[in-house]
Structure formats: C-alpha cells, structure tokens
Amino acid sequence: MKKVLAIILAAAIGLSLSAQPKRLTVKEFLKLSPKDTASYIVNGVVSKIRSSSSGSFYLTDRTGTMLVYGLMDPREPRASFSMLNIMKGDTLTVQGRFLLYAGQTKEMKDALLLSMADGPEHGKTFLERLDRQPSFQGKEGQEGAQAFGKWVSDHVQRPAGEKGTVVVGYAIGRKGNIQEVQVLSGATPILNDEVVRVVKSAPKWKAAKYDGNPIRLTGNVKIVFTGE
C-alpha cells in the first residue's frame, strides 16, 4: 500500500512540475518550432520599444534579442502597454508562446508580464532620455530654443504703438519642419498674426531623436512688444 501511495505521489509531483512553464534563454526561444504551442518564460532587458500603441518591443539577454508583440499584466488586465510605464533598460520576465509571423518574423505573441525591475531611464526626464535633443542653427536643447526665440524676435516687425506679449506654440516635425503654429497667449490681432507669420517662416530645425528614430516635439516662443 505504501508503495502504491509513493507511486501516486511521485506521479502527482511530476505532473505539477511539468505544468510549470520552462525557462528559456532568448536564443533557445528563437529556436522553437512554429508547431510548439507551449508557453515559455524568458527574462531580459528591454533594448528598444518598437511601438507603444501595439505594445511591441525587443527583449535582450546575453544570448540574443527577440521581439515581444503584445504584453499584458495579469494583475492589471485592463492596463495598456503605455500605462505599464515600461522603458528601455527595464528588466522584464515575460511568459508566452513562440510565433513565426508571416513565415519569417520570430516573436513572442501576447506575452504575460511576470515581473519588472526599473532601469536607469526611470530617473530621467523625457528630454534627458532623448538620443538627441532638437537643434536650431547648430544649437541644441535649451540653447537651441533660445536661439530660435532670438531669431523670431529679430525678424518680427514691431508696429509703433502696439504693445503686449505674444506666446506662440509650435511643433517640430520629424523632418525638422515647423508645424501646428498657434497662439497660446495673445495680445492684439496685429501682433498675434505677426508672430505666427514669422514662426511659420522659420528655417528648419534638426529633429529630436529617441531610440534611434526622429520624433515630433513641441515648444513655444514668447515675444514682448514694447510699442516703441
């Protein structure tokens, strides 16, 4: 009887162990067969975020890099990828199955987030996380914004008797073009229109870069008219 119970107990333990997802390296995961429908656990560092809207990113360990397409936190199933606040440099443990998309892209599809440890990017502002801040006429970041403000100030026409402060917002597109120019805080219609005209006519910037790609970034410029 004891022998039978021991066999039953051993079998139960074996089933319990086999039910636990196996841990793989990135290299081992990428070698799986498309016919393998099992779920596996992989740990690595986020090396690049491909899309925040779809929740796709690249996970890297000492053996290689793989694409993870879609991620859900089982503790917060309604949270979108952007709400998870995952950044490049974070260490993640994820679980999912292997998928060969369109016969060529190897990826982990619809992964579960098992754990996350913040990387160094969490201690920085967004501008500090940029690969390159936007630059105007060779000056980058805050110096570039100051140079742009001076350029606008030098090129506006200042009608006598017209006084006030105009703040104009704008976006620097991915190709460096000034876009979406609008008055944020105005004075008179004449002054508002003049600042908008000059900002729209400004030379191109060199766009900001994040994670190797040019991105759109917003800014604003303030011009004071003294009426003299």
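Predicted model: local features only at pLDDT ≥ 70, side-chain atom pairs only at ≥ 80, totals over all residues.
**Confidence**

The protein chain has a mean pLDDT of 89. Of its residues, 92% reach 70 or more. Confidence is lowest in helix H1, residues 2-19, at a mean of 46. It is highest in H2, at a mean of 97. Over residues 4-18 the pLDDT is below 50. Beyond near neighbours in sequence, that stretch has 0 contacts in the model.

**Around Thr25**

Thr25 sits in the loop between strand S1 (22-24) and helix H2 (26-30). Is Thr25 buried or exposed? Its relative accessibility is 19%, so Thr25 counts as buried, because the limit for buried is under 20%. Leaving aside residues up to four places away in sequence, Thr25 touches Val42, Asp61, Arg62 and Thr63. Pro159 lies elsewhere: Thr25 and Pro159 are 134 residues apart in sequence and 69 Å apart in space, C-alpha to C-alpha.

**Aromatic rings**

The structure holds 8 aromatic pairs. One of them joins Phe136 and Phe148. The pair is edge-to-face, with 5.1 Å from centre to centre and 80 degrees between the planes. Phe136 belongs to strand S7 (residues 135-136) and Phe148 to helix H4 (residues 141-155). The two residues are 12 apart, and their pair links distant parts of the chain.

Phe148 also pairs with Trp205. Here the ring centres are 5.2 Å apart and the planes stand at 55 degrees, so the pair is tilted. Trp205 lies in the loop between helix H5 (189-200) and strand S11 (208-210), while Phe148 lies in helix H4, so the pair ties together parts that are 57 residues apart in sequence.

How exposed are these rings' residues? Phe136 has 0% relative accessibility and counts as buried. Phe148, at 1%, is buried. Trp205 is buried too, at 6%. Which residues do ring pairs link into a cluster? They are Phe136, Phe148, Tyr170 and Trp205.

Arg158 lies over the face of Phe225, at 5.2 Å from the ring centre.

**Salt bridges**

Side chains of opposite charge can pair when their charged atoms come close. How many salt bridges does a search of the whole structure find? It finds 6. The table lists some of them.

| Arg75 | Asp73 | 3.0 Å |

Take the Arg75 and Asp73 pair. Arg75 is exposed, with a relative accessible area of 58%. Asp73 is buried, at 7% relative accessibility.

Lys88 lies in the loop between strand S4 (64-72) and strand S5 (91-101), and Asp211 in the loop between S11 and strand S12 (213-215), so the pair ties together parts that are 123 residues apart in sequence. Lys88 is partly exposed, with a relative accessible area of 24%. Asp211, at 11% relative accessibility, counts as buried.

Arg216 lies in the loop between S12 and strand S13 (217-226). Glu180 lies in strand S10 (residues 178-185). They are 36 residues apart, and the pair links distant parts of the chain. Arg216 is partly exposed, with a relative accessible area of 41%. Glu180 is also partly exposed, at 46% relative accessibility.

Notes
Residues numbered from 1 in each chain as written. Heavy atoms only, no water. Helix = DSSP H or I, 4+ residues; strand = E, 2+ residues; numbered from the N terminus. Buried < 20%, exposed > 50% of the residue type's maximum accessible area, 1.4 Å probe, protein only. Contact = heavy atoms within 4.5 Å. pLDDT = per-residue confidence, 0-100. Phe/Tyr/Trp six-rings, centres within 6.5 Å; stacked < 30°, edge-to-face > 60°. Lys NZ or Arg CZ within 6 Å of the ring centre and 35° of its normal. Salt bridge = Lys/Arg side-chain N within 4 Å of Asp/Glu carboxyl O.
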